[in-house]
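Hi there,

Here is the structure I promised to pass on. Have a look at it first, and my notes follow below.

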Amino acid sequence: MTLSAKVFVRVHIRWMIRRDLAEVLEIERASSPDAWDELEFLDQLRRRNCIGMVADLHDQVAGYMIYELGKRELKVLRLVVDPRWRRKGVGAQMVAKLVGKLSHLRRSRIWVHVRESNLAAQLFLRSQRFRAVEIVRECYADTNEDAYVFCYALESLSDPSLRSNPLKRPVSQDCERENLPPWSSSSDPVEGDS
Ligand SMILES: CC(C)(COP(=O)(O)OP(=O)(O)OC[C@H]1O[C@@H](n2cnc3c(N)ncnc32)[C@H](O)[C@@H]1OP(=O)(O)O)[C@@H](O)C(=O)NCCC(=O)NCCS
């Protein structure tokens, strides 16, 4: 039996610039059922509180993320890795970059919506210590799918028992429903570790 070692690629995460957009659009088209077009990227990135970053691998875009700065949280609108570079730690490095921007005094949470059919993203987020805290029914107009709302909360890491085994954590109590961002309508919380 041969065991293949996991390949990890180190990326440099930097601000997205206009010149990156062609590569970003190519990855977006290969990755999203509701791919944004150029205009949509530009509209989002022109907003004062919206940030774009890319995972740069030897001057190529291996992934990108678009997120919104809220008063107390970050809301991820896009976090995508080029299909050719998946399962090599690129997504995890982008999440680490976001987590590095959190602070107890200011923005302490990261929110992201994921389609119910997108199991890969759900497993990815769980591996990054996000918790599924809510379902938004029929969130996506194209398929009528529900969205699972995932939250990463800095607060929960202050408990050492949770830090050592995040999968033992109960559904996050620090992502309280009253703290959900306004774009998420309230409905049933997701049970367990889903
Ligand atoms: C979700 C996504 C961003 C993950 O990026 P990635 O660079 O492949 O993720 P990483 O290599 O950092 O994975 C870290 C861990 O997440 C989990 N994971 C990632 N992809 C997974 C998959 N397809 N199936 C199961 N687990 C997965 C694994 O635990 C993985 O660790 P391992 O490879 O050592 O087992 C990528 O699949 C993607 O771009 N998907 C399309 C866009 C999307 O759905 N975005 C959702 C926003 S969260």
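By class, how many nonpolar, polar and charged residues does the shell around the ligand have? The shell has 12 nonpolar, 5 polar and 4 charged residues. Here Ala, Val, Leu, Ile, Met, Phe, Trp, Tyr, Cys and Pro count as nonpolar, Asp, Glu, Lys and Arg as charged, and the others, Gly among them, as polar.

Before you read on, two things to keep in mind. Residues are numbered from 1 along each chain as its sequence is written. The model is predicted, so local features need pLDDT of at least 70 and side-chain atom pairs count only at pLDDT 80 or more, while totals for chains, interfaces and linings use all residues.

Back to the ligand. There are 21 residues around the ligand, and R86, G91, A92, A120 and A121 come nearest (a residue is near a molecule if its C-beta atom, placed from the backbone, lies within 6 Å of it). At least two shell residues each come from β4 (73-81), α3 (90-99), β5 (109-115) and α4 (119-127), and α4 gives the largest share, 6 residues. Those names are DSSP runs numbered from the N terminus: helices are H or I with at least four residues, strands are E with at least two. Domain 1 (9-86) and domain 2 (108-184) each supply at least three residues of the shell; the bounds come from an automatic or database domain assignment.

Next, the strands. β4 and β5 run parallel and are joined by 4 bridges (strands pair if DSSP finds at least two bridges between them). Across that pairing, E73 stands opposite R109 in β5. With α3, these two strands make a right-handed β-α-β unit: strands pointing away from you, the path from the first strand over the helix to the second runs clockwise. β5 also runs antiparallel to β7, with 7 bridges, and W111 stands opposite C151 in β7. Of the 7 residues in β5, 6 are buried (20 or more other C-beta atoms within 10 Å of a residue's own; 12 or fewer is exposed, in between is partly exposed, with C-beta atoms placed from the backbone).

Then the largest nonpolar core: among its 40 residues, Y64, V76, V112, V149, F150 and C151 touch the most other members. Strand β7 (residues 147-153) gives this core its largest share, 7 residues. Such a core is a set of buried Ala, Val, Leu, Ile, Met, Phe, Trp, Tyr and Cys residues joined through C-beta atoms within 7 Å.

Last one: why does D59 count as exposed? Because D59 has 6 C-beta neighbours inside 10 Å. D59 lies in the loop between β2 (50-57) and β3 (60-69).

Cheers
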